[in-house]
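Please keep the structure open as you read.

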Amino acid sequence: MTAGKRKGGKKFFTAAEANASLPLVGAIVKDITELATSLRDRQERLERLADTGKGARLGDAYQEEFATLHQDQERAEERMHDYVRELTALGVELKDYYTGLIDFPAWKDGHEVCLCWRLGEPGVDYWHEVDAGFAGRQKLKAEVHSN
C-alpha cells in the first residue's frame, strides 16, 4: 500500500491508495460490523437481565450469567476500541459501525473531501464534501489526488 500524503498530521489518500488499502481496511471494518452487532445484542440481553432482577433478587444462575455477559461486554468494547484505533492509525475515519461506512480524507480541486466506501462495495468509487456525508455521495469520475 502506498501511504497517503500528510498535511498538518492528517493523512490524505488518492483513490488508488484508498483502494490499495481495502484488503486490510476491509478486514478491520468487517470485524467492526460483526462486533458492533454482537455488542448491541449483548447489551440488549444485559438490559433484559437487569430488568428481570429489578425489585427481586436475581438467582445465582442469573447473577452468574449477568456477570459473565458484563465481562464479555467489557472485553468486546475494548476490542472495538482497538479496531477503531487501527483505522485511525491508518488515516481512515469510521462513520457507521453497523454498515461499515468509512471515509478516506482526500483532496479534490484544491479542497478537502472524503472518499467514501461501505463494506460490501467492490472498491472506493464515491466521494463527498466533508460536510455532506453519505447523502452527498457522488461517483468518482477521475483520480482524486492527494495534493
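## A linked set of charges

Lys 10, Glu 93, Lys 95 and Glu 112 are joined in a network of salt bridges, where a salt bridge is a side-chain nitrogen of Lys or Arg within 4 Å of a carboxyl oxygen of Asp or Glu. Side chains of opposite charge can pair when their charged atoms come close. Because Glu 93 belongs to strand β3 (residues 93-96) and Lys 10 to strand β2 (residues 10-12), their pairing ties together parts that are 83 residues apart in sequence. Helices (H or I, at least four residues) and strands (E, at least two) are DSSP runs, numbered from the N terminus.

Glu 93 counts as partly exposed, at 25% relative accessibility, and Lys 10 is partly exposed too, with a relative accessible area of 31%. Here, buried means under 20% relative accessible area, exposed over 50%, and partly exposed in between (1.4 Å probe, protein chains only).

## How the model was read

This is a predicted model, in which local features need pLDDT of at least 70 and side-chain atom pairs count only at pLDDT 80 or more, while totals for chains, interfaces and linings use all residues. Residues are numbered from 1 along each chain as its sequence is written, and side-chain values use heavy atoms, with hydrogens and water left out.

## Two further pairs

Searching the whole structure turns up nine salt bridges. One of them joins Glu 34 to Lys 30, with the closest N and O atoms 2.6 Å apart. Both residues sit in helix α1 (residues 15-53), and since they are four residues apart, about one helical turn separates them. Glu 34 is partly exposed at 45%, and Lys 30 is partly exposed at 42%.

Arg 137 and Glu 121 also form a salt bridge through their side chains (2.7 Å, N to O). This pair links distant parts of the chain, 16 residues apart: Arg 137 is in the loop between β6 (126-129) and β7 (138-139), and Glu 121 in the loop between β5 (111-118) and β6. Arg 137 and Glu 121 are both buried.

## The cysteines

How many disulfides does the structure have? The search finds zero, a disulfide being a pair of cysteine sulfur atoms within 2.5 Å. For Cys 114, the nearest cysteine sulfur is that of Cys 116, 7.9 Å away, and this distance is too far for a bond. Cys 114 counts as buried at 4% relative accessibility, and Cys 116 counts as buried at 1%.
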